[in-house]
Amino acid sequence: MPPTDRQPDDLDRRLLSLLEADARATMADLGRAVGLSRTAVLARVQRLERDGVLRGYHADVALPGAATAHRARVGIVVRTTDVAGYAARLAALPGFAEIETVTGEYDLIVLVTVPTAGQLDALLDRVQGWRETVRTTTWMVLTRYR
């Protein structure tokens, strides 16, 4: 279901902040933290999911002995009237996440996470080969604090 224009209220924002800190928190734990019943929290969380505000839950995995992933933010300038279609093409590529339209110099900012620098280079070459792509700028993530 597409996102709505409904703005989360202060209580929604508190729940979202708690879920960002611990996506595995139970509805009962969230309820205690914000002063609501488990059922009331569940209804709010389900509404946030339906509205497209809460888009998913994930595990941040680092296997022992595995090579550290290469994370990069990529600014993309495009020439297309179908930005949503372009973003959907990006989302279909391995490693592309957090695809956002933005104001300013770039049309999109994307988080790319891949196992090797070579894979990042190949993905960027592929995107740069699309006729709608005007240019890209890549910033390698050095340290992630949260």
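Predicted model: local features only at pLDDT ≥ 70, side-chain atom pairs only at ≥ 80, totals over all residues.
- Four strands form an open sheet in the order β2-β3-β1-β4, with antiparallel pairing; strands here are DSSP runs of E with at least two residues, helices are runs of H or I with at least four, and both are numbered from the N terminus.
- At the edges are β2 (96–101) and β4 (133–140), each of which pairs on one side only; two strands pair if DSSP finds at least two bridges between them.
- Neighbouring strands are turned by 20° against each other on average, direction ignored, with axes fitted to C-alpha atoms (for helices over the stretch in contact) and angles between N-to-C directions running from 0 to 180 degrees.
- β1 (residues 70–78) is joined to β4 by 7 bridges, and R73 has W139 in β4 as its bridge partner.
- β1 and β3 also pair over 7 bridges, in the antiparallel sense, and A72 is partnered by V112 in β3.
- Between β2 and β3 there are 4 bridges, and F96 stands opposite V112.

**Nonpolar cores**

- The largest nonpolar core has 17 residues, of which I76, Y86, L90, F96, V112 and V127 touch the most other members; such a core is a set of buried Ala, Val, Leu, Ile, Met, Phe, Trp, Tyr and Cys residues joined through side-chain atoms within 4.5 Å.
- Two or more residues each come from β1, α4, β3 and α5.
- Apart from this core lies another, of 12 residues, including L15, L19, A25 and V34.
- Strand β3 is mostly covered, with 6 of its 7 residues buried; buried means under 20% relative accessible area, exposed over 50%, and partly exposed in between (1.4 Å probe, protein chains only).

**Aromatic and charged side chains**

- There are 2 aromatic pairs; rings of Phe, Tyr and Trp (its six-membered ring) pair if their centres lie within 6.5 Å, with planes under 30 degrees apart counted as stacked, over 60 as edge-to-face and the rest as tilted.
- Y86 and W130 pair edge-to-face, at 5.3 Å centre to centre and 85° between the planes.
- Y86 is in helix α4 and W130 in the loop between α5 and β4, so this pair ties together parts 44 residues apart in sequence.
- Both Y86 and W130 are buried.
- Y106 and W139 have ring centres 5.6 Å apart and planes at 80°, so they are edge-to-face as well.
- Y106 counts as buried at 12% relative accessibility, whereas W139 is partly exposed at 39%.
- The charged end of R89 sits over the ring of W130, 3.8 Å from its centre; this requires NZ of Lys or CZ of Arg within 6 Å of the ring centre and within 35 degrees of the ring normal.

- E98 has a positive phi near 50°, though it is not glycine, and it is partly exposed at 38% relative accessible area.
- G104 takes a positive phi near 105° in the hairpin of β2 and β3, which has 6 residues between the strands.

Methods. Residues numbered from 1 in each chain as written. Heavy atoms only, no water.
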